Amino acid sequence: IAAMQKSSVRHVVVADTVNKYRLTTDSSIVGVVSMQDVMSQIQKDERLSLDSLQKKFPGLEDPMSQMREEIKSQANELARDPETAKKDLIRAGTAILSTLILGIFLSGSPWLHA
């Protein structure tokens, strides 16, 4: 947004192929993005809103700390979901079983005993 304001550009062309930020003869225009579209998307995206993070975690001044806490709280919400818990148990069980099978296979290998 800052680059768009600095250059007095209100719309950006989105193309599939560019060369040094220029359209080529092979370029195909995919769309046009306006500054208003970008601003409205940023306003809608509550996850990245510093104001909402400050309200949610008022004791933390640093934006990075606030983001870490937000990620932790989202992970905790996912962990409460029974489906996520099932997937985690299946993954952990598969990892343990695979490690055991690999250990048994390697312990019986002749090159280990030679």
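User: Which side chains meet Arg91 and Asp88 in a salt bridge, or rather, what is the distance between those two?

Analyst: In this predicted model, the side chains of Arg91 and Asp88 form a salt bridge at 3.8 Å, N to O.

User: Where do Arg91 and Asp88 sit, and how far apart are they along the helix?

Analyst: Both belong to helix α5, three residues apart, so about one helical turn separates Arg91 from Asp88.

User: Is Arg91 buried or exposed? And what about Asp88?

Analyst: Arg91 counts as exposed, because its relative accessibility is 57%. Asp88 counts as partly exposed, at 42% relative accessibility.

User: How many salt bridges does a search of the whole structure find?

Analyst: Two salt bridges turn up in a search of the whole structure. Besides the pair of Arg91 and Asp88, the side chains of Glu83 and Lys86 meet at 3.4 Å, N to O.

User: Where are Glu83 and Lys86?

Analyst: They are in helix α5, three residues apart, which means about one helical turn lies between Glu83 and Lys86.

User: And how accessible are Glu83 and Lys86?

Analyst: Glu83 is partly exposed, with 43% relative accessibility. Lys86 is partly exposed as well, with a relative accessible area of 47%.

User: OK, helix α5 keeps coming up. What is its mean pLDDT?

Analyst: Helix α5 covers residues 82-107 and has a mean pLDDT of 89, the highest among the elements of the protein. The lowest mean, 64, belongs to helix α3, residues 50-56.

User: What is the average for the protein?

Analyst: The protein averages a pLDDT of 79, and 78% of the residues score at least 70.

User: How many helices and strands are there, and in what order do they run?

Analyst: There are six helices and four strands. Starting at the N terminus, the order is α-β-β-β-β-α-α-α-α-α.

User: What share of the residues counts as buried?

Analyst: Of the 114 residues, 11% count as buried. The accessible surface comes to about 9900 Å², and 60% of that belongs to carbon and sulfur atoms.

User: Which residue could I look at as a buried one?

Analyst: Ser27 is buried, because its relative accessible area is 19% and the cut-off for buried is under 20%.

User: Where is Ser27?

Analyst: Ser27 lies in the loop between β3 (22-23) and β4 (29-34).

User: Which backbone atoms lie by a polar atom of the Ser27 side chain?

Analyst: The backbone oxygen of Thr17 is 2.3 Å from a polar atom of the Ser27 side chain. The backbone nitrogen of Thr24 is 2.7 Å from a polar atom of that side chain.

User: What else does Ser27 touch?

Analyst: Leaving out residues up to four places away in sequence, Ser27 touches Asp16, Thr17 and Val18.

User: Val18, then. Which residues make a nonpolar surface patch with Val18?

Analyst: Val18 makes the patch together with Val13, Leu23, Ile29 and Val32. The patch has an area of about 460 Å².

User: Where is Val13, and how accessible is Val13?

Analyst: Val13 is in strand β1, residues 11-15. At 46% relative accessibility, Val13 counts as partly exposed.

User: Strand β1 also holds His11. What does His11 touch?

Analyst: Not counting residues up to four places away in sequence, His11 touches Met4, Val32, Val33 and Ser34. Val32 is also one of the residues in the nonpolar patch.

User: How far is His11 from Met35 in sequence and in space?

Analyst: His11 and Met35 are 24 residues apart in sequence, and their C-alpha atoms are 6.1 Å apart in space.

User: What share of contacts joins residues at least 24 apart?

Analyst: Among contacts between residues at least 6 apart in sequence, 16% join residues at least 24 apart.

User: And is His11 itself buried, exposed or partly exposed?

Analyst: His11 is partly exposed, with 48% relative accessibility.

User: Last topic. What is phi of Ser8?

Analyst: Phi of Ser8 is near 55 degrees, a positive value in a residue other than glycine. Most residues other than glycine have a negative phi.

User: Where is Ser8 found, and how accessible is Ser8?

Analyst: Ser8 is in the loop between α1 (2-6) and β1. Ser8 is exposed, with a relative accessible area of 65%.

Technical notes: Residues are numbered from 1 along each chain as its sequence is written. This is a predicted model: local features need pLDDT of at least 70, side-chain atom pairs count only at pLDDT 80 or more; totals for chains, interfaces and linings use all residues. Side-chain values use heavy atoms; hydrogens and water are left out. Patches are made of residues with over 30% relative accessible area and no salt bridge: like charges are joined within 9 Å, nonpolar side chains (Val, Leu, Ile, Met, Phe, Trp, Tyr) within 5 Å. Accessible areas come from the Shrake-Rupley method with a 1.4 Å probe; for residues, only the protein chains shown count as cover. A salt bridge is a side-chain nitrogen of Lys or Arg within 4 Å of a carboxyl oxygen of Asp or Glu. Helices (H or I, at least four residues) and strands (E, at least two) are DSSP runs, numbered from the N terminus. Buried means under 20% relative accessible area, exposed over 50%, partly exposed in between (1.4 Å probe, protein chains only). A polar contact is a pair of N or O atoms within 3.5 Å; within protein, one must be able to donate a hydrogen and the other to accept it, and residues adjacent in sequence count only if both atoms are side-chain atoms. Contact means heavy atoms within 4.5 Å. pLDDT is the predictor's confidence in each residue, from 0 to 100.
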